[in-house]
Each structure stands twice: as C-alpha cells, then as structure tokens.
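Please read the following report alongside the sequence and the model, which are shown here for reference.

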Amino acid sequence: MSASNSPIDLAKLVAARRAVDFVESGMRVGLGTGSTAAHMVRELGRRVREEGLEIVGVPTSTATARLAEELGIPLTTLNEAGSLDVTIDGADEFDDTLTLIKGGGGALLQEKIVAAASERMIVIADAGKHVGTLGAFPLPVEVLEFGMQSTRRHIAALLDEADVSGREAVFRERDGARFVTDEGNHILDLHLGRIGDARRLATALNTVPGVVENGLFIDLCDTVIIGHSDGRVEIGDLASGAFTEEHGTGEEGENLFRDIAG
Ligand SMILES: O=C(CO)[C@H](O)[C@H](O)COP(=O)(O)O
C-alpha cells in the first residue's frame, strides 16, 4: 500500500474534504502546506473548476503556490489581501487546547504569519496527531544561517531550564544537505519528548537572537477537523470547548478508499 492510499492518508483526505465545506464564495483563504493541506488545495481547486467557487488564496509556501496555480486557484499575496477569512492548514501535533506543533514541512514561518492574519484557523489532521501532551514530535525552530551554531548553544542553555523531558537540538537535513526554508533559513528540530509549558517555551525561544520563529502555534487555531481512516470526522472547536463526531457510518471512508485505490 503506497503512502497515497494508506489509512493515514485516507484520514487526512477525509479531514481535508470536510474543511473545504467551510469555504464560501468571496472568501480570502490561507492555504496551508503539507500532505493534508495538499488534499484540501486539490478539493478547493475542484470546487473552483466544477462549481464556480470564487475565492482568492494566499499560499504558505512555494510548494503550495505551485500546486494551487496548477489547479487554477486564483492567488494573491498576504500584503495584497490584507486579512483573511479563513486559513486551512495541517499540523504535526495538537492537544485539547488546540495548541499546535507545526513546521514538519519547514513552512512554519509563513504558516504562522498567515494564520495570525486570519479570522479563523482550521486545522486538518489524522487522528494520530491528537495528543495529551505536546512534544513527541520534534519542535521545529527556524533560525538564521548567520551565527546558527551560537543560536543553537543559546537554545540548548534555555532548554536546560525548561519544563521538557528531552533536550537534543538537531539541524534538519534533506538529501544530505542542510534543509533551507523558503526564506533561506534553517530548521533546528528540538527533541523535547514532553513540553510542560508551551506558552513559556514559545516566548523564551523567540527571545533568542537568531531565532526567526518557533513551531508552537498558541491561540491561533479555532477549529480542528480530525479525520479517521473509516471516514469518521471529529470537529474540535475552541469556542464550544468540545469535540463532536460526524459521519458515524464509515461508508464515506470506504468509498473514498475505493476512489483513491482506483
Ligand atoms: O506544518 C506543516 C508544514 O510546515 C504541516 O502542516 C505539517 O508538517 C503536517 O504535514 P502533513 O499534513 O504532511 O502531515
């Protein structure tokens, strides 16, 4: 079974398609980055082409911009759009307070700026990303190349005092070379195991000279749509403080699975 029709990918697809129901004509929409967000962009593209949905998108990475362009979704910049009605994006982890870890795809900087400019942020994710305590997923921190080893030492010193259970800080690599973000920076992945106080850690990290941004998204996400591989969807909403389940039959998941598997 390939990654594109695995149960996890099916769960991502279910969440992504449900999220697109929240998009209406006339909206300015932040387009997230990653495999789950790509499902959402494809579904938005389908609605633009087949249903005449009139939106303008603001992509959070060059990869998403490329995909959206291919699909015929009209795009603009955040500067042009000013503010956005909704952003739909993936996440690497989220907890019951809808605090997120993002940046697994390296796009956390644009993602955070776009989310902060949005009236509403909807996160789409497979159920495996819902955690009791954040931190099993390494926390990405975007750092400038200039003085990056010094920046790492300052972060290491800060972690000695932090309420975390692991302290390894590793520069991300891709294809044997240091990973470079869309802004030309690098990513330091912090293997923390358990993050006791996300707000305090996020604030502390952003005081270190050389840190551009960290992957903790706090008070940004309003709604999380959780997909299950049998087609069930849970919606967690910050305003109501509740997680509610939809599509209990599993039938939708089976149909989608047939669609993907061809
Ligand atoms: O934060 C991100 C990119 O910077 C992604 O949203 C996150 O890594 C989730 O990716 P995927 O949907 O592929 O699991």
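## Basis of the model

Residues are numbered from 1 along each chain as its sequence is written. The model is predicted, and local features need pLDDT of at least 70, side-chain atom pairs count only at pLDDT 80 or more, while totals for chains, interfaces and linings use all residues.

## The sheet

Four strands form an open, antiparallel sheet in the order β8-β11-β7-β12. Because β8 (168–171) and β12 (211–214) stand at the edges, each with a single partner strand, one side of each has no neighbour in the sheet. From one strand to the next the twist averages 30°. Helices (H or I, at least four residues) and strands (E, at least two) are DSSP runs, numbered from the N terminus, and two strands pair if DSSP finds at least two bridges between them.

Strand β7 (residues 139–143) and strand β11 (residues 186–191) run antiparallel and are joined by five bridges. Within this pairing, V143 stands opposite H186 in β11. Helix α5 (residues 108–116) packs on the sheet, where it touches β7 and β12, and its direction makes about 65° with that of β12. Contact here requires C-beta atoms, placed from the backbone, to lie within 7 Å, and axes are lines fitted to C-alpha atoms, for helices over the stretch in contact, with angles running from 0 to 180 degrees between N-to-C directions.

How values were computed. Two residues are in contact if their C-beta atoms, placed from the backbone, lie within 7 Å.
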